[in-house]
Amino acid sequence: MAKSIDVSDLDIYYGDFLAVESVNMTIPARSVTALIGPSGCGKSTFLRSLNRMHEAIPGARVDGKIIVDGQSLYDPGVDPVEVRRMVGMVFQRPNPFPTMSIYENVLAGLRLNNKKLKKSAADQVVEKSLKGANLWNEVKDRLGKPGMGLSGGQQQRLCIARAIAVEPQVLLMDEPCSALDPISTSAIEDLIHELKSEYTIVIVTHNMQQAARVSEDTAFFNIAGTGKPGKLIEMNPTKKIFSVPDEPATEAYISGRFG
Amino acid sequence: MTTTPAAPPAARPKRRQGDRIFAGLSRGAGLFILVALAGVFVFLAIEGIPGLTQPSSFYAPQASTFIGYVTPLLFGTILAAVIAVIIAAPLSFGIALVISHYAPRSIAVPAAYVVDLLAAVPSVVFGLWGINVLARKVAPGYEWLYEHLGFIPFFAGPPSTTGRTILTAGIVLAIMILPIITAISREIFAQTPRLHQEAALALGATRWEMVRLTVFPYAKSGMVSAVMLGLGRALGETMAVAMVLSAGGGITFNLISSSNPASIASNIANNYKEGTPGKVAVLIATGLVLFLVTFLVNFAARWLVGRSERRMAR
């Protein structure tokens, strides 16, 4: 079910402000692609345009094409709601629904898609998704408890379980570990390794070691200065980016000589 | 043997001037509310308790005891207020939601402003409008309801020809409590964490599903508070009801006839001027009943909200 993503000539705006300019890239299926770059370079904005979350902000819009499995996401006839069901997302800070139990949190997306779900089928989905998110053993005895009662790392894995419960084709992760401690981070990274056999994963990260650890390909975004649009500088296999990048700017950023 | 110097007094963290003043001010404000509330209660009790046991002529013509006197009024008060809340609450939530989540900013801001302006209209004006415009317009509607839905007890009729019924009073009250419910729920809807809303959207929720999944659960206790404030205002509202409602005396759920009781507050307003001391005591006693009922309603609401919050807490 994993699909590759083709992005061509993508410009992303907030109102009149051009935030990201002419991105062209192909994100391969069943692999992890990391987006790195300095703050404000537009990597999160780009990520959010992949499931049309970008336009949830008033005035935000996109020019250009994003094609997932032959389907152009920004065609006039395409419903953004359908896109988001196909392209799941995990956010920077864990955000389980505060009024719902662990069980209900996992099912939240499914309940939207398919109102009537037999109890046995629902149980199966919950178990499968929580196992998929490496959380099952920790929570199986307290599925009825509120999701907010878990630790930060567990909450984030709950959010991943919630995202994969609807069986999306692509999973977007916006700095999923930035609010977590190293142990939880390592648990999430292990999980990303397992998930890539089934999903196309795009992850934004500020942590270059993390990009090197989890991804097959890395895309480096940069910004010429405040008020200028962010640009894709280079996209290459992660090994190459972190050893012999094509662009001097990439090398400068990776080696810490930012400029 | 050397003398040890006296142990210094236990060091206390230095309290700054600003903190002390602010703490004093806020404590004072909190106490002031309690004192005012207690003062109102004491006044009502001292002045009103003699009203509980006046000679039966003071409760005439409809009753001979205080209970018999106050029961229809209490019923009228609650009925009018409940009608108002039933009409106003869904409408207010809808308006608040449009302003906070649906309308573009260029429409939402003026709309919010207009709704707030409604709160500035004096209740006498609402009363005049109720008598002169609304009551006349709805009277034919009541005829229609009687003819077509007369089998429902609410519309059993005979319909009032003037339109000055408890339902009309309820509609006027609804418009009066609309701004406060709208303003409070709007504020709370707008405070729903963006993170939760985006979580719902990213799962493929439509806008309405997002509202149901994140905004309402987050805002629930605030919505109850908003309704309670509206209900409190409707229970105590005087002029509009006194002007609009042409009161009969019976306890009935028949909303479109002219046989409904007045509300406590409007009854006080209508009778206070010509009252003898005994009659005034009776009226103040009804005020005491209203005070207690309002208090109980608020308490019940707090308890309900608190219960649902406790259930979700670990």
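**Close-up views of chains A and B**

**View 1. Where chain B meets chain A.** Here 19 residues of chain B are in contact with 27 residues of chain A, contact meaning heavy atoms within 4.5 Å. This is a predicted model, in which local features need pLDDT of at least 70 and side-chain atom pairs count only at pLDDT 80 or more, while totals for chains, interfaces and linings use all residues. Residues are numbered from 1 along each chain as its sequence is written, chains are lettered from A in the order in which they are written, and side-chain values use heavy atoms, leaving out hydrogens and water. About 2,000 Å² is buried between chain B and chain A, with carbon and sulfur atoms giving 68%; buried area is the accessible area (1.4 Å probe) that two parts lose on being put together, summed over both.

**View 2. A salt bridge between Glu198(B) and Arg48(A).** These two side chains meet at 2.8 Å, N to O. Two salt bridges are counted between chain B and chain A (a side-chain nitrogen of Lys or Arg within 4 Å of a carboxyl oxygen of Asp or Glu).

**View 3. Two helices of chain B, α2 and α5.** The axes of α2 (residues 66-102) and α5 (residues 166-191) of chain B come within 5 Å and cross at roughly 40°. Axes are lines fitted to C-alpha atoms, for helices over the stretch in contact, with angles from 0 to 180 degrees between N-to-C directions. Helices are DSSP runs (H or I, at least four residues), numbered from the N terminus.
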